[in-house]
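Me: I am new to reading protein structures. Could you take me through one, feature by feature?

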There are 2 protein chains.
Amino acid sequence: MIPKKIPAPVSKRLALYHRCVNTLLNSGKDTTSSKELGERLSLKATQIRKDLSYFGDFGKRGMGYDLNYLKESLERVLGINKHWNIGIVGAGNIGMALSNYQGLTREGYKVVALFDRNPSKVGNFVGTQKIPIYSLDDICEKIRELSIEIGVIAVPANHAQAVADKLVECEIKGIVNFAPVKLYLDSVALEDVDISTSFKALTFRIQGGSCGGT
Amino acid sequence: MIPKKIPAPVSKRLALYHRCVNTLLNSGKDTTSSKELGERLSLKATQIRKDLSYFGDFGKRGMGYDLNYLKESLERVLGINKHWNIGIVGAGNIGMALSNYQGLTREGYKVVALFDRNPSKVGNFVGTQKIPIYSLDDICEKIRELSIEIGVIAVPANHAQAVADKLVECEIKGIVNFAPVKLYLDSVALEDVDISTSFKALTFRIQGGSCGGT
DNA sequence: TAGATTGTTAATCGATTAACAATC
DNA sequence: TAGATTGTTAATCGATTAACAATC
């Protein structure tokens, strides 16, 4: 479908472009340029043009990019031109916070269920959306019933791999892992959000060590 | 202090090594090798040796690495051989979840205060640690009083830059930003934890696009 | 037509990896 | 001594950027 090999850092940058395009649209503009995007994101204009060019010709020479068209195009590329149903495993601090997180809802991600192995939590409903907490035992059944496509792992590190294996068994399409542990999966897309790693990278820099980029 | 130029991805990998070393120690081992670490983290042994070599000679030829010594060394390099005091700005979902988050406490990060501009939240205490919520107006004063070195931004995107400017004015040492917006700072270390970007990178991959690494 | 800005090719830069001498 | 595994140099690979022809 997409022929050329795409550098790994591109997907994260596309998400940044999408965010920036939204900001520009909200400020009332209807056109932008790789130069403007580059200035706002502290990136080279060339890099932005190159990244976009992997997926199509979204601009007009001499004119720049139509913001609405660019937004739509980016949403198509990022797969957020549709809604995604999400199930969160682990109704602890992180799991609960995510289930109420506007940042996800606003982008078309919909948390439809939480799962926990603690019987005292099962049966409750979370947040303003009243998202139900189900037993971990029913996870495959609920994934099917509710058309859950993305699983979020928000359990302690020592349970994360078992949960991941279970999700794969339930034929989940992708996993976002918040547990501070490396997961071994094949054939399922995985993204890690390692909070403590970011803190360590920060203190590394504060305290002397120093790397190139951010 | 550290002479050679260190590639940007190294700091994140160091944090992974640290995590892996802890796991190995907990499993009762007291020695490891770049080969073993590489297998566990799906990285090349050479890369691990090279990364470590930027900071010292932590191994013994023919013998591998003493886990305790490697752990200590990594903690020194990452700056987690000391405790860091953290202040979280924004007592919403994310801010509250972070203030109770074991993953930080366990690594020597201590959340000592939250800040919010909502008067109905100010004066309350959060979680088992009874962390106080202060008014955003008092932030510089409290940062000094409580020796807060790291500020966490957990406010909506449209307030994030103002909060960041304030933190810099209060002479914070570093910032971890959870708001989905690009911040402009100079002279203060910044790490972004962009949750929705990770979800977008995931759906990008699920839905057809594909990049090299994870 | 002149000015602007794209999409793309080629050159550069930087990070990863293979190879190997050092040494436990 | 033979085997293992490090730390480091040199080669490779991949990502970024500069340059520019295409075109609005």
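Me: Why is strand S5 of chain A largely enclosed by the rest of the structure?

Reply: A note before we start: this is a predicted model. To read burial, go through the strand residue by residue. A residue counts as buried when its relative accessible area is under 20%. In strand S5 (residues 109-116) of chain A, seven of the eight residues are buried, so the strand is largely enclosed.

Me: Which strands pair with S5(A)?

Reply: General idea: strands of a sheet pair through backbone hydrogen bonds, either parallel or antiparallel. Now the case here. Strand S4 (residues 84-89) of chain A runs parallel to S5(A), and six bridges join them. In that pairing, Asn85(A) stands opposite Lys110(A). S5(A) also pairs in the parallel sense with strand S7 (residues 131-135) of chain A, over three bridges. There, Phe115(A) has Tyr134(A) as its bridge partner.

Me: How many helices and strands does chain A have?

Reply: Nine helices and ten strands. Of the 214 residues in chain A, 51% are buried. The C-alpha atoms fill a box of roughly 60 × 45 × 35 Å, taken along the principal axes.

Me: Now chain B. Are the two faces of S4(B) covered or open?

Reply: In a regular strand the side chains alternate between the two faces of the sheet. So check each face in turn. On one side of S4(B), Trp84(B), Ile86(B) and Ile88(B) are buried. On the other, Asn85(B), Gly87(B) and Val89(B) are buried too. Both faces are covered. Six of the six residues in S4(B) (residues 84-89) are buried.

Me: Where does S4(B) sit in the order of its sheet?

Reply: Read the order across the sheet: S6-S7-S5-S4-S8-S9-S10 in chain B. S4(B) sits between S5(B) and S8(B) in that order. The sheet is open, with seven strands and mixed pairing. Its edge strands are S6 (125-126) and S10 (189-192) of chain B, and each pairs on one side only.

Me: How many bridges join S4(B) to S5(B), and how many to S8(B)?

Reply: Six bridges join S4(B) to strand S5 (residues 109-116) of chain B, and the two run parallel. Gly87(B) has Ala113(B) as its bridge partner there. With strand S8 (residues 150-153) of chain B, S4(B) pairs over four bridges, also in the parallel sense. Val89(B) stands opposite Ile153(B) in S8(B).

Me: Last topic, the DNA. Which residues are closest to DNA strand D?

Reply: Start with the neighbours. There are 27 residues around DNA strand D, and the closest are Arg13(A), Ser34(B), Arg49(B), Gly59(B) and Tyr65(B). Of the DNA strand D atoms that come within 4 Å of the protein, 62% belong to sugar and phosphate.

Me: What lies 2.7 Å from a phosphate oxygen of DNA strand D?

Reply: A polar side-chain atom of Tyr65(B). Phe58(B) has a backbone N or O atom 3.1 Å from a phosphate oxygen. For Arg61(B), a polar side-chain atom lies 3.0 Å from a sugar or linking oxygen.

Key:
Residues are numbered from 1 along each chain as its sequence is written. Chains are lettered from A and ligands numbered from 1 in the order in which they are written. This is a predicted model: local features need pLDDT of at least 70, side-chain atom pairs count only at pLDDT 80 or more; totals for chains, interfaces and linings use all residues. Side-chain values use heavy atoms; hydrogens and water are left out. Buried means under 20% relative accessible area, exposed over 50%, partly exposed in between (1.4 Å probe, protein chains only). Two strands pair if DSSP finds at least two bridges between them. A residue is near a molecule or strand if one of its heavy atoms lies within 4 Å of it. A polar contact is a pair of N or O atoms within 3.5 Å; within protein, one must be able to donate a hydrogen and the other to accept it, and residues adjacent in sequence count only if both atoms are side-chain atoms.
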